[in-house]
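Visitor: I have not seen this structure before. Please show it, and then I will ask about a few places in it.

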Amino acid sequence: MGDFSGLEENDYVSLKNLKVEFRRNDDGEEEGTFALCFWIYIHTCASFPSDILVQKQPDVASSVPFLRLDEKKKMKLFPLLFLHEDAPNPDNYVPWAGIPCASTEIEFPLKKWVHVGCEVLRDAVRLNIDGEIVGERSLTCSVNKDLHAEARKRLYLECPFENENMLHGYVHQLDVLFATSSVKNHYAKDPPVQLLIDHSSTSEIEEECDGVWSIVGGKASCRRSFSLDVTLLNAFGRPVNKEFEVVASLLYADNATFVENTGDYESPLLMICDGVEYGSHDRPCKIINGQISFKLKISQLSSKCDNRLFVIRFEMPNLGKYPFFEAVSLPIRCVSRSKTVRKLSNPNGEDGSAGLIPNIAKPNPSSKRIKLGHDIPFSMLKQANNKPHNSRAWTSNKEKNHGMSMSRRGENGYGAENNNSSGSDNSEATNSDPKSTLGISNPIPDLIIFKYCMGGPAERCQLLKEIAVSASEVQIAHFAKQVSLFSGCSHHQHQIKIAQRLVKEGIEAWTSVSENNNHVSWDNLVFTINQHFIKIVNTPRSLTNQDFECLRRIGGCRDTVSQEEFERIWSWLYPVAFTLSQSAVNEMWNSVSPVWIEGLITKEEAESIILQQCPGTFVLRFPTSRSWPHPDAGNLVVTYVGPHSTINHRLLSFDFINGSSSKKTAVKPLQDLLLQEPELSRLGRMVRSH
């Protein structure tokens, strides 16, 4: 019944080249009924409404819509010409809005593969999205069967020529089916693939409040390496086991042109392989088992390029220029580390930071013993595990009455830094050996506080590891307070206060499973992590295979796990487990009906749960891009469908996480407080395989 040009099996074809022709049916199926099934990726659409496919017939001068996106970006399936009495008349124009049709309830997503099934029956049309019926409309069959049969032989569908420069998209695996029950089967076979950046894997990248990545680059002596993973996934989110070469390029964010080489003719984007730097174009990497890890450096600075922002584009050149075979990072502001520090520490500056750290321009040589940028692994701290700590064991507070509010900061960033002077300088402590001041009676020096406030994630992490095993509980509490004061972000306090227990239990977990080996098997580590998780959370609910798959991606590990990879997992998981140990959240974690927290899921998984849901549907998750000691590590995020069917993400701010354990006011349970929010009305549910 169906012939179509420009599309071979398993190929991707542009919408503008798509044509579906109908032939007289000789197979005995009910005349006029069929299901048109295909995967579609709409890259851009300049205006709405916009026709995706129109119905044409050589004897008719004008065309009528078959599949279109309306002014609200909803997909609509129209009646078929010469089959339905309700079909629009090409010779007698009426507004398309008045034609009965099947429609989706929410916006059709762009830049994402979606399966569409258009079922045309004699008395109805049905629209399927991702294997499920989302819209159906009863219609009246044409009474003139002979006219219908003859006219249908020359009826065809195509993307309208006038939309060629307005609508850009691609189709995969198009087929015309006679058994309409096969729509789900078509959806399940041969899904398309897409190249994506795994944002949960980023390391040494600071995300600013405006959603821009801040990366330290420039000269070889100053630039800092950063890493991220790129994945090749099918439309169901599963890794694709095919080997392809992936190339990384640095582009300008505003016009997607290549960033020029530096004045020294050095490539603007460098790839690190076995400790050696290569120009990224000279070193393609092979994606294996659907994943590849990139370790990169940027040699060009935004300040040298009129303060323009960059992006990194990953592409598979051997597969052609398709937008779904490219992955583009968030905008990047590449800054000079030394330049930033000089500006903030200028004794005569006008930014209010003068006097914050006495003699910061010429610190005492002894203050250099704690070096920023030099990671202190857990193995260096093992000896501290056998030393008695001055602080009592950290225990999670189990208060039942806590307040909650939805933060309007958004998920990205945690507020601007405030570097005002504290007015309480201690020059003796500042100019002395920092380690010698970590006794019980002395506070942690202002210099260390300043370094923590100015440092990146790795620098803060290494400082907290050392402080955690050297300082008393009183010193750490004072340090947390001062950091929050100088940085302008009170959420730092929680991450600093849990440092001692996080490091101590991390050492115990790694030591118990590694037995002094540098690598351990993933299967052995899973058992140990699950034991510690259950103990910390105080829960009967174990982590699932899907939870561990999420942890594996966060750690960037495979069948064997290094100590560094374990630390990445632990730094993300421990704040999550600590949050879950709090009574207000623990009750929700242990709830079976309903399931309030869908385990450890990514942002993309959360969005897929509520994609086709009505406004007010929400799920709870933990941000996979926030690891200790990031201020938002372990915080819950609400992913929900907004009033206009847009997907939004909001951080939840819990008073008890930030140290307000003294509050005794009785309030409603957290789940009731969530449902009181005007934007939240019903809990979404994820169907997980076991």
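Guide: Start with Gly599, which sits in the loop between H13 and helix H14 (603-610). Keep in mind that this is a predicted model.

Visitor: How far apart in space are Gly599 and Thr544?
Guide: In sequence, Gly599 and Thr544 are separated by 55 residues. From C-alpha to C-alpha, their separation in space is 7.9 Å.

Visitor: How are H12 and H13 oriented to each other?
Guide: Helix H12 (residues 563-581) packs with helix H13 (residues 583-590), and their axes are 5 Å apart. The angle is about 95 degrees. Angles of 65 to 115 degrees count as roughly perpendicular. The two helices, H12 and H13, are therefore roughly perpendicular.

Visitor: Which residues in H13 do Thr579, Leu580 and Ser581 in H12 meet?
Guide: On the H12 side, the contact is made by Thr579, Leu580 and Ser581. By class, the contact of H12 with H13 has 3 nonpolar, 4 polar and no charged residues. The H13 residues they meet are Ser583, Val585, Asn586 and Trp589.

Visitor: What distance separates the end C-alpha atoms of H10, and what span should its 16 residues have?
Guide: Helix H10 covers residues 522-537. At 1.5 Å a residue, its 16 residues should span 22 Å. The distance between its end C-alpha atoms agrees with that, at 22 Å.

Visitor: What do the buried residues of H10 pack against?
Guide: The buried residues of H10 include Trp522, Leu525, Ile529 and Phe533. They pack against helix H9 (499-514), strand E27 (519-521), helix H11 (545-555), strand E28 (560-562), H12 and H13.

Visitor: Which residues have the most contacts inside the largest nonpolar core?
Guide: That core has 68 residues. Its largest share, 10 residues, comes from H12. The residues with the most contacts inside the core are Phe479, Trp522, Leu551, Leu580 and Ile597.

Visitor: How many residues are in the other core, the one with Leu15 and Phe66?
Guide: This core lies apart from the largest one. Leu15, Leu18, Ile42 and Phe66 are among its residues, and the core has 44 residues.

Visitor: Which residues does Ser14 touch, leaving out those up to four places away in sequence?
Guide: Ser14 lies in strand E2 (residues 12-14). Its relative accessible area is 17%, so Ser14 is buried. Beyond its sequence neighbours, Ser14 touches Gly169 and Tyr170.

Technical notes: Residues are numbered from 1 along each chain as its sequence is written. This is a predicted model: local features need pLDDT of at least 70, side-chain atom pairs count only at pLDDT 80 or more; totals for chains, interfaces and linings use all residues. Side-chain values use heavy atoms; hydrogens and water are left out. Helices (H or I, at least four residues) and strands (E, at least two) are DSSP runs, numbered from the N terminus. Buried means under 20% relative accessible area, exposed over 50%, partly exposed in between (1.4 Å probe, protein chains only). Contact means heavy atoms within 4.5 Å. Axes are lines fitted to C-alpha atoms, for helices over the stretch in contact, and angles run from 0 to 180 degrees between N-to-C directions. Angles under 35 degrees count as roughly parallel, over 145 as roughly antiparallel, 65 to 115 as roughly perpendicular and the rest as oblique. Ala, Val, Leu, Ile, Met, Phe, Trp, Tyr, Cys and Pro count as nonpolar, Asp, Glu, Lys and Arg as charged, and the others, Gly among them, as polar. The expected span of a helix is 1.5 Å times one less than its number of residues. A nonpolar core is a set of buried Ala, Val, Leu, Ile, Met, Phe, Trp, Tyr and Cys residues joined through side-chain atoms within 4.5 Å.
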